[in-house]
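Hello,

Here is the structure I promised to hand over. Please open it alongside this email; my notes follow below.

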Amino acid sequence: MKKVIPVLIAIVLIIIVAGVAYGSQIIERYTYSREEADRYEYFHIVKEDEVPIVLQDAMLEVKAVWQDGLCYFDLNTVHTYFNDRFYVDETEQLLLYTTPTEIIRTGIGTDEYQVDGVNNEAGYPLSFVREQGDSATYYIAVDFVQQYTNFSYEVFENPRRMQVYTQWPEQQIADIKGDTNVRLLGGVKSPILRSIAEGEQVVILDKMETWCKVKTDDAFIGYVENKYLINEREETPQPQAGYVPPEYTSLTKEEKICLGWHAIYAESGNSTLNDVTAAGSSLTVIAPTWFSINSNSGTLRSFARQSYVNNAHEKGLEVWGVVDDFNYKNETGEDIDMVVILSATTTRTNLIDQIMQAAEDCGMDGINIDFENISEASGEAFIQFLRELSIRCRKQGLVLSVDNYVPYHFNSYYDLEEQGVLVDYVIIMGYDEHWAGSQEAGSVASLSYVKYGIEKAGETVPNNKIVNALPFYTRLWRTEGTTVTSEAYPMTSIERVLSDYSMESHWDEDTSQNYAEAVKGDVLYQMWIEDSQSIGAKLTLMQGYDLGGVAAWRLGYEPAVVWDLIGAYLAR
């Protein structure tokens, strides 16, 4: 027995030690951690002047900058999240903002700004620039952005951060019952972001079984135990007080328009007005190709004549003078650089001044912008040009229309959405599906191509501002081996071309056009024909979209029967 007792004692001691160890593990597992999270690491703050941005209920990757007691957004952040109508002229070091009626202008780094030439004092630097190597980043004061944009913000300290709202939907709100902690993650071992006192409110972002993802009123996003949430309810936060959205007025007409481009390449071309309108009884607007940019200082070559306008008015036609960026360049070989012309405020203003003066001198009713050499590098400046031109057109009562390619991702910088706000008519050139430089033969304007252009434009532009342009021409394609070439022919020449090449046509359902082909030796000739049938199919398609009207390139290329079809379209 004496030998058994020590053994029993040893076993009991082992059990006690094991129990203590196990109990310690249990206690450790369920004991709340007192470790505090590194807030600078949480907000990803690397530099002292960085200000993290919590937009709505999520932290952005980009940050604001703190300088001289103010927050500044970089230009890209402004464009992406707040307002893309701020424009930086890097050539002349200007910051511009354009409303429907005025241009706000300030020099980079100054605290003064001008509204239509009248000086104003902001009391703080409105912008600044940071240069690194060949690149420059422009920053705009948040308060200046807010002056023209609907958002609210608040800055908090320790560390400095900002909460921003651009929308004010209903939120799930709860009160805190008892003092507790907001933790980095759900779990008692997760580090503490901040303590939270009884009676504080949180926004509920995601509720789980025992923990809830919340946002505090000072922009910490973390986790709180569900047992600390009471009085859960829906509340709608108050939007920024006093913001009035800009009102863009328009001269878009109630009835459909019918615009025809009149190709004029010399002063003598003005004399052909009677000829090109003889059959066009449905025409409401004539657009003569009068103006072409002829220098990088933003000057124009002009064939405009008041007598032409007077004649057109007698016929009941409005005159919208065409301004292009390619005819003079193509005729002379001059280097017309649209980046240079549009990016600098001085040359952009010079161009607009000349357009408006020409309109006044000859009594035009509208302006048709046909810039086909816009690249991604000049896209932003092109839209700024339209903003500034639209102000002048509103003041002078001129209709402003813009010609556009069928919209695809590779020409998205033409920004049809902004055009749809700024201008009266967004004209989609529903042709050149296959053009002179195409590497394969095909239709100039198949019905599916036209349908795509209308519907794609309609995603961002009001339908009553969209005008679909029809081609009054077709192409004869010549394929020899791997070499593909083509030549454009007016609709009035199609029968002769078919006869010359001994081609017979038949209806092609895929394109909704008559198709013809012939083989002569080693050469394949093909035509997807624009005629009354194909034009009729396009007009029938257009009828289903309640568009602003129809346009056509170009007058004089069409048989008279086409105008009967257009007249029926306009009358519906």
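This is a predicted model: local features need pLDDT of at least 70, side-chain atom pairs count only at pLDDT 80 or more; totals for chains, interfaces and linings use all residues.

Helix 6 covers residues 306-314, and its buried residues are Tyr 308, Val 309 and Ala 312. Seen down the helix axis, these buried residues fall within an arc of 100 degrees, so they line one face of helix 6. Ser 307 and Glu 314 are exposed on the other side.

What do the buried residues of helix 6 pack against? Their partners are strand 20 (257-262), helix 5 (273-277), strand 21 (285-288), strand 24 (318-324) and helix 9.

**The antiparallel sheet**

Helix 9 leads on to a sheet. Helix 9 (residues 345-362) lies across strand 4, strand 5 and strand 6 (103-107). It runs at about 40 degrees to strand 5. Helix 10 (residues 376-396) also lies across strand 4, strand 5 and strand 6, at about 55 degrees to strand 5.

These strands belong to an open sheet of five, in the order 4-5-6-7-8, with antiparallel pairing. Which strands stand at the edges? They are strand 4 (86-89) and strand 8 (118-121). Each has a single partner strand, so one side of each is left without a neighbour in the sheet. On average, neighbouring strands here are turned by 25 degrees against each other, direction ignored.

Strand 4 pairs with strand 5 (residues 94-98) over four bridges, in the antiparallel sense. Within this pair, Val 88 has Leu 95 of strand 5 as its bridge partner.

Is strand 27 (residues 425-429) enclosed or open? Five of its five residues are buried, so strand 27 is largely enclosed by the rest of the structure. Both of its faces are covered. Tyr 425, Ile 427 and Met 429 are buried on one side, Val 426 and Ile 428 on the other.

Strand 26 (residues 399-405) pairs with strand 27 in the parallel sense, over five bridges. Tyr 405 stands opposite Met 429 there. From strand 26 the chain passes through helix 11 (residues 416-422) to strand 27, a right-handed β-α-β crossover.

Strand 28 (residues 466-471) also pairs with strand 27 in the parallel sense, over four bridges. Here Ile 428 stands opposite Asn 468. The chain reaches strand 28 from strand 27 through helix 12 (residues 447-458), and this β-α-β crossover is right-handed too.

Best wishes

Note on methods
Residues are numbered from 1 along each chain as its sequence is written. Side-chain values use heavy atoms; hydrogens and water are left out. Two strands pair if DSSP finds at least two bridges between them. Helices (H or I, at least four residues) and strands (E, at least two) are DSSP runs, numbered from the N terminus. Axes are lines fitted to C-alpha atoms, for helices over the stretch in contact, and angles run from 0 to 180 degrees between N-to-C directions. Contact means heavy atoms within 4.5 Å. Buried means under 20% relative accessible area, exposed over 50%, partly exposed in between (1.4 Å probe, protein chains only). A crossover is right-handed if, with the strands pointing away from the viewer, the path from the first strand over the helix to the second runs clockwise. The arc is that of the directions from the helix axis to the C-beta atoms.
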